[in-house]
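Reader: I'm new to this one and would like to walk through it. Can we take it piece by piece?
Author: Fine, ask as you go.

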Amino acid sequence: MKPHDVLMPSEGMDVVADLIAGRLPLHRLWLEPDPDAWLAQWAPALRAVASNGHQFPIDPAFMRRLPHLEIVASFGVGYEHIDAKWAGEHGIVVTHTPGVLDDEVADIAMALTLMAVRRLPQAERFLRAGEWPKSSFPLTASLGGRTMGILGLGRIGKAIALRAESFGLDIVYHGRHAQPGVPYRFYPSLAEMAKACDILMVAAPGGPETRRLVDAEVLRGLGPDGVLINIARGTLVDEQALIEALRTGAILAAGLDVYENEPNVPAELIALDNAVLLPHVGSASVKTRRAMAQCVVDNLVAWSEGKPPLTPVPETPWRGSWGID
Ligand code: 8YV
């Protein structure tokens, strides 16, 4: 084991492993015949981990097995599968891939909005089923002139707001605090914002702090003409409450790219005609996934050269030295 060897605990997109392996020695733990025995032997010598996806939790129990761990470079902007607070307290830097996926995800957010409001997947299914010669597709709700409430006005939320403005929507937002210089109305209460908007766009980070923020009360507030769009994390929405709201007409429709227990989507949701369901494809273009993978590599290469990480998460600010001899 050399000082700049990198451990990738779980399989994900090939491009991430391939790009890292082009620059640094990479160990793919899932390919080891006995991963646990491999870790027992090598973990004490390892200083870097590359997290390729959200399935493998990088929790204190795992990080404790690597006493010289210095960096966890994660693929993706969301990093709720990593205990970044614990990492920060133990001098470990966590990096993620912000910025490079904002436009791609915002495009999908608007696509889902149009699909859900104008019932485009249903209209396409209608044509393919040979229904058109028999009757016209039923008229739908409209998008223009409505209000979009954005839960989480971060980089992706702002990219969505820009697009939504050009579709003629009014924008309001809810988050932990009002942001200076932002031209949109801030709602300190999510439940109040839900009552005031027609389209509730979920764009906040996952993790325990935001778990099930969108509950039955918020959905009731959104009302029978309301539409829920989620491109963030399934954990932000009470999925059972959403299924119930869609089933009873408490809200009009939903457009989802993310689910509580991916890749498993509840059969009740799949059965609902007023739910538009995508398989977590927000950032899934060749160009954007490659840019995200490159960001992981750039952070690891900076680490290997003793330079500051490029995109550390706020919980693990750079402390000025890696301590590598
Ligand atoms: C990816 C994402 O699907 O960046 C994120 O947080 O959810 C997506 O862009 C994910 O990172 C792939 O594992």
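Reader: Is Trp-38 buried or exposed?
Author: Trp-38 is buried, with a relative accessible area of 10%. Buried means under 20% relative accessible area, exposed over 50%, and partly exposed in between, with a 1.4 Å probe and protein chains only. This is a predicted model, where local features need pLDDT of at least 70 and side-chain atom pairs count only at pLDDT 80 or more, while totals for chains, interfaces and linings use all residues. Residues are numbered from 1 along each chain as its sequence is written, and side-chain values use heavy atoms, with hydrogens and water left out.

Reader: Where do Trp-38 and Trp-42 lie?
Author: Both are in helix H2 (residues 35-42), 4 residues apart, about one turn of the helix. Helices (H or I, at least four residues) and strands (E, at least two) are DSSP runs, numbered from the N terminus.

Reader: How many aromatic pairs are there?
Author: The whole structure has 4 aromatic pairs. The ring centres of Trp-38 and Trp-42 are 6.5 Å apart with the planes at 45 degrees, so that pair is tilted. Rings of Phe, Tyr and Trp (its six-membered ring) pair if their centres lie within 6.5 Å; planes under 30 degrees apart count as stacked, over 60 as edge-to-face and the rest as tilted.

Reader: What about Phe-126 and Phe-137?
Author: Phe-126 and Phe-137 make an edge-to-face pair, 5.2 Å centre to centre with 70 degrees between the planes. Phe-126 lies in helix H6 (residues 120-128) and Phe-137 in the loop between H6 and strand E6 (147-151), so the pair ties together parts that are 11 residues apart in sequence. Phe-126 is buried at a relative accessible area of 15%, whereas Phe-137 is partly exposed at 23%.

Reader: Switching topic. Which residues surround the ligand?
Author: Among them are Gly-78, Leu-101, Arg-233, His-280 and Arg-289. A residue is near a molecule if one of its heavy atoms lies within 4 Å of it.

Reader: Which polar side-chain atom lies 2.8 Å from a ligand oxygen?
Author: One belonging to Arg-233. A side-chain N or O atom of Arg-289 is 3.0 Å from an oxygen atom of the ligand, and a backbone N or O atom of Gly-78 lies 2.8 Å from a ligand oxygen.

Reader: How much of the ligand does the protein bury?
Author: The protein buries 88% of the 330 Å² that the ligand exposes when taken alone. Those areas come from the Shrake-Rupley method with a 1.4 Å probe; for residues, only the protein chains shown count as cover.

Reader: Now Thr-311. Where does it lie?
Author: Thr-311 lies in the segment after helix H12 (286-304). Thr-311 is buried, with a relative accessible area of 18%.

Reader: What does a polar contact join there?
Author: The side chains of Thr-311 and Asn-299, at 2.8 Å. A polar contact is a pair of N or O atoms within 3.5 Å; within protein, one must be able to donate a hydrogen and the other to accept it, and residues adjacent in sequence count only if both atoms are side-chain atoms. A polar side-chain atom of Thr-311 also lies 2.8 Å from the backbone oxygen of His-96.

Reader: Last one: how many helices and strands are in the chain?
Author: The chain has 12 helices and 12 strands. Buried residues make up 50% of its 325 residues.
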